[in-house]
Structure formats: structure tokens, C-alpha cells
Amino acid sequence: MAFWRLFSTATKNKQLPLKNSAVASLNPSLCSISTFITRSYSTSFLITKTPKSQKKKRKKEESARTKHVQHESERVPHFEKILNRDNHFRFVTKTKDYLLKQPQQVLRLDDAGKLYRELGFPRGRKVLKFLQRHPLIFQTYRHSNDKIWFGFTDFMETFLEEEKMIMDEMEHDRINTVRKLLMMSANKRIPLSKIYHCRSLFGIPEDFRDRVRKYPEYFNTIVEEDGKRILELVNWDPKLAISSLEQQFMVDEDRTKKAFQFKIKHGKSLNLDEHDERKLNLLNTLPLVSPYSDGASLDLWTLEAEKYRVGVLHEFLSLTLEKRASIHHIVEFKEELSLTKHTYAMLLKQPRSFYLAGTEMNWVVFLKDAYGEDGVLIHKDPQVLFNEKFCEFADKQELEIE
């Protein structure tokens with residue numbers, strides 16, 4: 001009875017297990033009973049940790065390389081489709097441009113296999129397989145030294161003559177495009193290499209660096225100490241210093257006012273309805289800042305400077321053939337257009353005028369007003385029409401006989 005009194009007291013005072021000096025001093029034989037009782041209440045058989053197989057796997061955060069700019073519910077299919085089309089024709093368009101730069105417009109197959117970046121095919125793939133997909137555009141032949149070469153087909157060479165005619169006919173327009181780019185630039189000068197690198201964006205011909213010599217009244221070419229050739233604006237033309245937004249304002253004032261939005265932060269205590277809030281934001285948005293003003297002199301983080309950067313990108317896109325540009329093209333002119341590293345975030349805040357497609361690391365910005373509801377350009381440059389025809393031929397295996 002003494003043991004059970006001690007046991008009940010120990011239980012109340014939470015002094016289990018019974019292996020203690022007090023019990024042992026009363027009766028050593030009770031230690032074995034204490035051990036038995038302790039073991040009968042053991043929890044060693046319970047699983048205290050969740051097995052790895054049953055643990056919920058955390059979703060890895062998407063990298064900027066694969067994460068889409070737009071959420072799936074907010075994507076505009078026809079803009080995203082244009083990017084898919086670009087990927088589909090990357091090899092044939094890049095290889096065409098590369099061959100045109102070669103003296104004889106031919107390339108040895110062994111050399112082409114090392115030029116995966118320049119020709120636009122995945123590393124480790126055989127370039128011959130890509131060439132065989134476009135039999136109307138490229139042909140291969142074996143040289144006397146038993147090496148395989150490739151170049152344009154007879155059909156493609158005839159087709160390219162049509163492009164040369166377009167380049168000649170549109171030369172005056174392209175000259176004006178470059179003049180406007182120079183007028184927007186910070187110091188009215190741009191390295192010729194940058195213009196050449198983005199020539200396809202504006203429809204500028206391959207030999208543009210030679211063609212500018214015919215226009216000394218517009219351009220001056222300077223060679224710096226490091227050998228870099230700089231294209232400089234000779235004179236300012238006020239007729240060209242009118243942006244596409246200003247032209248649009250003359251036609252449709254209300255639509256132009258809605259192009260951008262610079263919201264004013266205000267407290268809820270003002271209790272503004274939607275109409276009043278729109279009016280308040282409009283006071284902050286207007287007047288806009290001309291892209292042909294001296295944006296470099298503006299204080300970097302002011303509202304005026306942001307208006308300028310938004311306007312200068314709008315004008316930049318309006319000068320392109322397809323009213324769109326990739327991040328790489330915009331970065332190319334970052335210094336000349338006085339842009340900042342926050343350009344991506346700035347464009348996202350203006351969804352009325354701009355649409356960003358692709359991934360966060362490799363995005364393309366579209367000028368929304370230049371496209372119809374069906375995703376087709378409203379006004380197509382002759383070079384755009386030629387490019388569309390070229391892509392049609394690139395996908396065909398043989399000519400259709402009418």
C-alpha cells in the first residue's frame with residue numbers, strides 16, 4: 001500500500017519514471033516494477049518526423065529566363081503568337097542576313113557548324129538538317145576540294161533582287177528615320193555600329209554605312225581615337241521633330257490623352273469617384289514631354305523625366321518597321337535615349353500604349369495602337385510585306401505551279 005501511495009503521489013507531481021532514489025530506498029524490488037510501468041508507457045514506436053516521401057515539395061521559383069511577363073489570364077494571344085513565329089523563322093532569317101554579308105554569299109558547311117549563334121540554331125545540332133528544311137531558300141553543293149558549301153538557290157537570288165529594289169525606293173524614308181533617331185539622341189550622335197546592329201529593326205540596308213556619304217547635308221561621320229565611327233547630326237530639322245503622338249493629337253485629341261497615365265497618390269479621405277480620379281490623373285499626365293526635347297538635362301527621377309522616357313520609347317517604336325522592339329534593341333540605345341535600368345517596370349505601368357510579351361529576361365515591347373484587334377499591323381511598310389512573303393517561301397518545300 002505504501003508503494004501505491006507513493007506511485008499516485010509521483011504521478012500527480014509528474015515525477016515518472018519511478019526509477020528514483022526514494023522508491024529504491026523503500027524497496028529495491030520495486031525498481032523492476034517501475035521499469036515495467038515506464039516501458040509500458042513508451043512512445044518510441046511513434047513517428048515523430050514526416051517521411052520525405054510524404055513531404056510537400058515546394059515549387060521552385062521560376063527564373064527570369066522562363067517566367068512570362070504576363071500572367072496566363074492576361075496574355076494577348078496574337079502578340080505572343082508573333083514571338084512564336086519569330087522563333088520558328090530565326091534560323092532562316094539570321095542565315096539569310098549572314099550570307100548576304102559574305103563576299104560570294106556562300107559558306108562552307110564545316111564553318112557553319114561553329115556559327116550557331118550567328119545562324120540561329122541550337123548548339124550541337126547539325127546545320128545541314130536546318131538547311132534542308134528550306135529547299136527554296138538554300139542549296140548545298142560539293143566543291144572541287146570535296147568540301148560541302150551552301151548558298152542561295154537561283155529562286156532566292158531572284159527574290160533578293162526584289163528586296164534591293166525596295167531598299168532603293170525606301171532610301172529617303174530610311175534616311176529620315178536615322179535623322180529622327182539622331183535628333184532624339186542625347187548628344188545628337190550615335191555610333192554607326194549600333195545603327196548597323198539594329199538595321200533590320202528599321203529596314204536599313206546592309207550598305208547603309210556607305211550610303212550616308214551621299215548625304216553630307218544631313219550626316220557627318222567622325223572616327224574617334226579608338227577607331228569607332230560615330231554618325232553625327234549636321235543640322236536640326238523642325239519638321240522632323242514632330243512625334244507620332246503629336247500627329248495623333250491633331251487627329252484624335254481624346255485618344256491621345258489616354259495614351260499614358262501618371263497616377264497621383266491620394267488618401268481615401270478625399271472620397272473621389274472614378275470620374276474625378278481620372279480628371280486628377282489627367283492633370284498629372286498632361287502636358288506630355290516631347291521626345292525631341294533635351295531629356296538628358298532633366299533631373300533623373302522627376303515626373304518630367306519619366307514622361308520624357310515614356311515618350312521617347314513610344315517614338316522609338318513608331319520608327320521601327322513592325323512597331324515593336326526587343327530588350328536587346330532598347331538596351332543598345334540606352335545611353336543615347338537617356339534610359340534607366342527601370343525601363344521594364346516603367347513600361348509595365350503604361351499598359352494602354354505598350355504590351356510586353358515573352359519572358360522577364362527576354363521580352364519584346366509592342367506599340368498597341370499600331371495593331372488592329374486581330375493582331376495585324378494597321379500600316380505595313382513595303383519591307384514588312386517582303387518579309388512576310390519570304391517567310392511563306394521559307395516554309396514551302398516546292399514552288400506551286402499555277
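Mentor: Two strands count as paired if DSSP finds at least two bridges between them. Keep in mind that this is a predicted model.

Trainee: OK. How many bridges do S1 and S3 have, and in which sense do they pair?

Mentor: Strand S1 and strand S3, residues 148-152, share three bridges, and the pairing is antiparallel. Within that pair, Arg 108 is opposite Trp 149 of S3.

Trainee: What is the strand order in that sheet?

Mentor: The order is S1-S3-S2, an open sheet of three strands with antiparallel pairing. S1 (106-108) and S2 (138-142) are the edge strands; each has a single partner, so one side of each lacks a neighbour in the sheet. From one strand to the next the twist averages 25°.

Trainee: Which strands does H5 touch, and what angle does its direction make with S3?

Mentor: H5 packs on the sheet and touches S1, S2 and S3. Its direction makes about 95° with that of S3.

Trainee: Which residues of H5 are buried?

Mentor: Phe 91, Val 92, Thr 95, Lys 96, Tyr 98 and Leu 99 are buried in H5. They span an arc of only 165° around the axis, which places them on the same side of H5.

Trainee: Let's take Thr 95. Where is it, and what does its side chain reach?

Mentor: Thr 95 lies in H5, residues 90-100. Its side chain reaches the backbone oxygen of Phe 91 at 2.7 Å.

Trainee: Why does Thr 95 count as buried?

Mentor: Buried means under 20% relative accessible area. Thr 95 has a relative accessible area of 0%, so it is buried.

Trainee: And what is Thr 95 in contact with, beyond its neighbours within four places in sequence?

Mentor: Leaving those neighbours aside, Thr 95 is in contact with Leu 119, Phe 138 and Phe 150.

Trainee: Changing topic. How many residues are in the largest nonpolar core, and which have the most contacts inside it?

Mentor: That core has 61 residues. Those with the most contacts inside it are Phe 202, Phe 208, Phe 219, Leu 231, Phe 316, Phe 354 and Phe 366. There is also a second, separate core of 30 residues, which includes Tyr 98, Leu 131, Phe 159 and Cys 391.

Trainee: Pick Phe 354. What is it in contact with, again leaving aside neighbours within four places in sequence?

Mentor: Phe 354 is in contact with Phe 260, Val 310, His 314, Leu 317, Leu 347, Val 365, Phe 366, Leu 367 and Lys 368.

Trainee: Backbone next. What is phi at Lys 323, and where is the residue?

Mentor: Lys 323 has a positive phi of about 55°, though it is not a glycine. Lys 323 is in the loop between helix H17 (303-318) and strand S7 (324-326).

Trainee: And what about phi at Ser 338?

Mentor: Ser 338 is also a residue other than glycine with a positive phi, near 55°. Ser 338 is in the loop between helix H18 (327-332) and helix H19 (343-348).

Trainee: Is Ser 338 buried or exposed, and what does it touch?

Mentor: Ser 338 is buried, with a relative accessible area of 17%. Not counting residues up to four places away in sequence, Ser 338 touches Ala 186, Gly 295, Ala 296, Tyr 308 and Arg 309.

Trainee: Last one, the whole chain. How many helices and strands?

Mentor: The protein chain has 20 helices and nine strands. Of its 402 residues, 39% count as buried. Among contacts between residues at least 6 apart in sequence, 62% join residues at least 24 apart.

Methods. Residues numbered from 1 in each chain as written. Predicted model: local features only at pLDDT ≥ 70, side-chain atom pairs only at ≥ 80, totals over all residues. Heavy atoms only, no water. Helix = DSSP H or I, 4+ residues; strand = E, 2+ residues; numbered from the N terminus. Buried < 20%, exposed > 50% of the residue type's maximum accessible area, 1.4 Å probe, protein only. Polar contact = N/O pair within 3.5 Å; in protein donor to acceptor, adjacent residues only side chain to side chain. Contact = heavy atoms within 4.5 Å. Axes fitted to C-alpha atoms, helices over the stretch in contact; angles between N-to-C directions. Arc of directions from axis to C-beta. Core = buried A, V, L, I, M, F, W, Y, C linked by side-chain atoms within 4.5 Å.
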